[in-house]
Amino acid sequence: MSERMEPRNRRFLLGSYTPDGPAPSVHLAERSPDGRWRIVTSAAASNPSFVARSGDLLFAVFEAASGSVASFRLDGDAITPVDVVEHGEADPCHVVAAMHLGVVLVANYTSGSITAVPVDGAGALGAPVTLPLPAGGGPVPDRQAGPHAHEIVATPWGTHVVSNLGGDAIHEFAVDRDDAGAPVLRITRTLDVPPGTGPRHMVVRGGLLHVVGELDGDLHTFEVDATSFRPASSTPTVARAATGPDDVVQPSHLDHAPSGRLLTALVRGRDSVSVFDATDAARPRLASEHAVGAAWPRHHAHLDDRTVVVAAQLGDALVEVDLVTGATRRVLELTAPSCVVPVD
């Protein structure tokens, strides 16, 4: 007979914007089994818009005109700064801890580039190496005059992909080493998406690449492996199309439920979370759309297949949303949350 699992506290890392300058903004939050949330501890930073974790190390990008990457150590209830390096690229917005490659990988939005920062097991950071994404734009002039890197995701075959919102492309890249041991970034192929998509966030799993378009408002799915790439399906992220410029449909974060049977996409402007039935994973079907109840949902995490917790940037709150009933609950008040990352 299996032992009954006791409910336990769950912990999350939160990043947030700091509109008034450096402030406590890298947070360790805790959710109790009865649904109560609290901030356990915080570290001061300036616009840590995204955080990532590897073991007891945390990494954050400081989003600014000349951006930086920082490392922290998570020790029980404490977040201790370890190192910081300014890499100089404009508006870093996503970070991935690729410890098996000995680097932290960063997507730089405004500069349209990717950066590798060497890191050791203690969190010390080395000299950054940056690769500009290929020149080129798209049919939305005010957003696609040039490349804009938005998110980096690992592939099952050992590379990474980065979404290029400005160039309507997904670039696959490898991390090599030069003779001196410094990282070298190398684009291995470019995967073009429909013009005007504005690819933002991605999910790679089960031989499929799901991409949410910030500009066209659609969820695009592609069959992909190490050598091939072909479209499988596209579907709107909202039930009702935008009616004009004041009716904003601007998807942000894409994620999948623990079971893999659902995909969820946040939609800013409409301030909603869209739920896709992914039983046929190559052809996700919009099953429901629920109001978040707070402005500008930017990032979210699944508590389980039924409930997500959403970082509502302009709503200054974390909000739990029941994906079945649509019920919402503001669970934590904090300034401009931008990401929520499960610790365990």
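Tutor: A residue is called buried when its relative accessible area is under 20%, exposed when it is over 50%, and partly exposed in between, using a 1.4 Å probe and protein chains only. This is a predicted model, in which local features need pLDDT of at least 70 and side-chain atom pairs count only at pLDDT 80 or more, while totals for chains, interfaces and linings use all residues. Residues are numbered from 1 along each chain as its sequence is written, and side-chain values use heavy atoms, with hydrogens and water left out.

Student: Why is Cys339 called buried?

Tutor: The relative accessible area of Cys339 is 0%, which is under the limit of 20%, and therefore Cys339 counts as buried. Cys93 has a relative accessibility of 6%, so Cys93 is buried as well.

Student: How do you know how many disulfides there are?

Tutor: A disulfide is a pair of cysteine sulfur atoms within 2.5 Å, and by this rule the count comes to 0. For Cys93 the nearest cysteine sulfur is that of Cys339, 11 Å away, so Cys93 is in no disulfide. Cys339, in turn, has the sulfur of Cys93 as its nearest cysteine sulfur, again at 11 Å, and is in no disulfide.

Student: What makes S12 and S15 edge strands?

Tutor: Strands are DSSP runs of E with at least two residues, numbered from the N terminus, and two of them pair if DSSP finds at least two bridges between them. The order S12-S13-S14-S15 describes an open sheet of 4 strands with antiparallel pairing, and strand S12 (149-154) and strand S15 (183-192) are its edges, since each pairs on one side only. Between S12 and strand S13 (residues 160-164) there are 4 antiparallel bridges, which meets the requirement of at least two, and therefore the two strands pair. Ala149, for example, has Asn164 of S13 as its bridge partner.

Student: Why do Asn47 and Asp271 count as buried?

Tutor: Asn47, in the loop between strand S3 (37-45) and S4, has a relative accessible area of 18%, which is under 20%, and so it is buried. Asp271, in the loop between strand S21 (262-268) and strand S22 (272-277), also has 18% relative accessibility and is therefore buried. Each is a residue other than glycine with a positive phi, near 55° for Asn47 and near 50° for Asp271.

Student: What makes up the lining of the largest cavity?

Tutor: A cavity is a set of points on a 1 Å grid, over the protein atoms alone, where a 1.4 Å probe fits but cannot get out, and lining residues have an atom within 4 Å of a point. The structure holds 2 cavities of 30 Å³ or more, and the largest has a volume of about 70 Å³, a volume being the space filled by probe spheres set on the points. Its lining includes Ser49, Phe50, Cys93 and His150.

How values were computed:
1 Å grid on protein atoms, 1.4 Å probe; cavity = no way out; pocket = protein on both sides within 12 Å on 5 of 7 lines; lining within 4 Å.
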